[in-house]
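Dear colleague,

I am handing over the structure we discussed, together with notes on what was found in it. Please read the notes with the model open beside you.

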Amino acid sequence: MILDRLKLIIMNFFLFIKGLNQAILEQSVEALEIEYVELENAFLTILFGPLIGVKTTPALLSLEILGTVKDEISILETRGVKGEDVLGDLMAALGGEW
């Protein structure tokens, strides 16, 4: 009786530690994803800043790198399209068909 109860407590303790480890891993991944987005935004600001009037790098250097950042340009385009329909995105997030 006591051994079974002790075994159950130890098993629950190991499950708790395992769950805690999983939660820490998931939070770490979320933090890394947020950091990745921030670094991407900083890179794009550095790269395209001279094209919109923000002095960060020479405009000629930005134009030279422009061909290698096609994916980032498509991301910016997607964000620009989504930014125009903020109310529609909000309603879609609420789950209604309006």
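Which residue takes a positive phi just after α1? That residue is Gly 53, with a phi of about 105 degrees.

Please bear in mind that this is a predicted model, in which local features need pLDDT of at least 70 and side-chain atom pairs count only at pLDDT 80 or more, while totals for chains, interfaces and linings use all residues. Residues are numbered from 1 along each chain as its sequence is written, and side-chain values use heavy atoms, with hydrogens and water left out. The mean pLDDT (the predictor's confidence in each residue, from 0 to 100) is 81 for the protein, with 85% of its residues at 70 or more. Confidence is highest in helix α1 (residues 2–52), at a mean of 89, and lowest in helix α4 (residues 86–94), at 66.

The protein has 4 helices and 0 strands, where helices (H or I, at least four residues) and strands (E, at least two) are DSSP runs numbered from the N terminus.

On α1 itself, the end C-alpha atoms are 73 Å apart, which agrees with the 75 Å that its 51 residues should span at 1.5 Å a residue, the expected span being 1.5 Å times one less than the number of residues.

Of the 98 residues of the protein, 10% count as buried, meaning under 20% relative accessible area, with exposed over 50% and partly exposed in between (1.4 Å probe, protein chains only). The buried residues of α1 include Glu 40, Leu 44 and Pro 50. Leu 51, also found in helix α1, is partly exposed, with a relative accessible area of 43%, and its C-alpha atom is separated by 8.8 Å from that of Leu 63, 12 residues apart along the chain.

Phe 13 is likewise found in helix α1, and is partly exposed because its relative accessible area is 47%.

With best regards
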